[in-house]
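Subject: Structure for your review

Dear colleague,

Please find below the structure that I am handing over to you. My findings follow it.

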Amino acid sequence: MAGGRPRSFDSDTALDRALEVFWRQGYEGTGITELTKVMGINNAPSLYNAFGSKEQLFRKVLDRYAEGPARYIGEAFDQPTARATVEALLHGAADATTRPDSPRGCITVQGALACSPDAEPAREELTARRAAGEVALRGRLEQAASGGELPAGADADVLARYFTTIYQGIAVQAAGGATREQLHQVVDTAMTVWPRPTDA
């Protein structure tokens, strides 16, 4: 069919461009007309045909973000110890949220902090993804506790909530202008609460 997508259309490139706009402006601050323009699509119907609704496009963008700028998260969970996982996660966030070639902050933290009822599905999607991250971290810390990596009495639930709060705070601070060096200092300070082994 004659369409709104040129022959040279590259869906990965289009998603990358949509990601940058959503990341910079949030879900509600990003309009369909702007998306079609930056993605190289002629009109809204062509965008819907290619990617679904704005909400569906946003989900695809979040997946793209997880595979690209936020791939450090998966790499952090490959670390051999829970402490190394947390350090890689937090230091990775400090780097990723202050990259000079990307918007500052984190799309999953800032994408829909404040939104109208029409944008509620996007807010719920981001809330669910953040919650899943905390669940994954809690599971890693529970594994560490059962394996003896954490001392007896260490509360994996509290630690997961604490480090998740630091993680999300890094994104907020980065968006507000904190430097990469300042955020790495925050991570180093946060890691001082890591439970020390109890003396035998």
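Two residues are in contact when they have heavy atoms within 4.5 Å of each other. Of the contacts in the chain between residues at least 6 apart in sequence, 71% join residues at least 24 apart. Please note that this is a predicted model.

Overall form. The chain has 10 helices and 0 strands. Its C-alpha atoms fill a box of roughly 75 × 35 × 30 Å along the principal axes. Of the 200 residues in the chain, 42% are buried. The chain exposes about 10,500 Å², and carbon and sulfur atoms supply 50% of that area.

In soluble globular proteins, nonpolar side chains tend to be buried together. Here, the largest nonpolar core has 53 residues, and those with the most contacts inside it are F22, M39, L57, L90, I107 and L141. Helix 9, which spans residues 156-175, gives the most to this core, with 9 residues. Setting aside neighbours within four places in sequence, L90 is in contact with F163, I166, Y167, I170, V187 and M191.

T164 is placed in helix 9. Is T164 buried or exposed? Its relative accessible area is 8%, and because buried means under 20%, T164 counts as buried. Not counting residues up to four places away in sequence, T164 touches E134 and L137.

With kind regards

How values were computed
Residues are numbered from 1 along each chain as its sequence is written. This is a predicted model: local features need pLDDT of at least 70, side-chain atom pairs count only at pLDDT 80 or more; totals for chains, interfaces and linings use all residues. Side-chain values use heavy atoms; hydrogens and water are left out. A nonpolar core is a set of buried Ala, Val, Leu, Ile, Met, Phe, Trp, Tyr and Cys residues joined through side-chain atoms within 4.5 Å. Buried means under 20% relative accessible area, exposed over 50%, partly exposed in between (1.4 Å probe, protein chains only). Helices (H or I, at least four residues) and strands (E, at least two) are DSSP runs, numbered from the N terminus. Accessible areas come from the Shrake-Rupley method with a 1.4 Å probe; for residues, only the protein chains shown count as cover.
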